[in-house]
Amino acid sequence: MDNEFKEYITFVVNTKDGDEVEMAVIDQFEFENKGYVAAALVDGDTVSDEGCFIYRVKLEEDDFKVEKITNQHDYNRVAEAYMEMI
């Protein structure tokens with residue numbers, strides 16, 4: 001069993017209900033000259049292995065901002081491209 005501690009970059013997003021949830025960046029990639037991250041839910045001190053969420057990334061000076069991909073067709077294209085990469 002691998003007990004190695006991994007440190008993740010995290011960010012917070014709002015759910016449809018207005019709740020805040022913490023996400024951990026598990027991968028980053030480019031598709032069609034735009035940056036994206038694959039993220040997983042953080043539950044306490046662990047990162048969930050139940051599902052993966054894709055967000056568009058906007059790089060700022062010393063930080064980054066994630067944006068939800070609201071167009072379902074675009075999301076599906078990016079998710080499919082990511083699945084082919086991994």
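Predicted model: local features only at pLDDT ≥ 70, side-chain atom pairs only at ≥ 80, totals over all residues.
Me: What makes β1 and β2 a pair?

Reply: Strand β1 (residues 10-14) and strand β2 (residues 20-31) are joined in the antiparallel sense over 5 bridges. Threonine 10, for instance, has alanine 24 in β2 as its bridge partner. The hairpin has 5 residues between the strands, and glycine 18 takes a positive phi near 90 degrees there.

Me: Which residues of β1 are on its covered face, and which on its uncovered one?

Reply: Phe11 and Val13 make up the covered face, whereas Thr10, Val12 and Asn14 make up the uncovered one.

Me: Why is methionine 83 called exposed?

Reply: The relative accessible area of methionine 83 is 55%, and since the term exposed applies over 50%, the residue is therefore exposed. Methionine 83 is found in helix α1 (residues 72-85), and together with Met85 and Ile86 it forms a nonpolar patch on the surface, with about 340 Å² of accessible area.

Me: How do you know that glutamate 32 and arginine 77 form a salt bridge?

Reply: Their closest N and O atoms are 2.3 Å apart, and because a salt bridge asks for a side-chain nitrogen of Lys or Arg within 4 Å of a carboxyl oxygen of Asp or Glu, the pair qualifies. The two residues link distant parts of the chain, 45 residues apart, with glutamate 32 in the loop between β2 and β3 (34-43) and arginine 77 in helix α1. A search of the whole structure finds 1 salt bridge.

Me: Why is arginine 77 called partly exposed?

Reply: Its relative accessible area is 31%; buried would need a value under 20% and exposed one over 50%, so a value in between is called partly exposed, and that is where arginine 77 falls.

Me: What surrounds arginine 56, and what is the nearest side chain of opposite charge?

Reply: Arginine 56, in strand β5 (residues 53-59), is buried yet has no salt bridge, and the nearest side chain of opposite charge, glutamate 67, is 4.0 Å away. Not counting residues up to four places away in sequence, arginine 56 touches Lys34, Gly35, Tyr36, Lys65, Val66, Glu67 and Ile69.

Methods:
Residues numbered from 1 in each chain as written. Heavy atoms only, no water. Buried < 20%, exposed > 50% of the residue type's maximum accessible area, 1.4 Å probe, protein only. Helix = DSSP H or I, 4+ residues; strand = E, 2+ residues; numbered from the N terminus. Pairing = 2+ DSSP bridges. Patch = residues over 30% accessible without salt bridge, like charges linked within 9 Å, V, L, I, M, F, W, Y side chains within 5 Å. Areas by Shrake-Rupley, 256 points an atom, 1.4 Å probe, with all protein chains shown as cover. Lys, Arg positive; Asp, Glu negative; His and termini not counted. Contact = heavy atoms within 4.5 Å.
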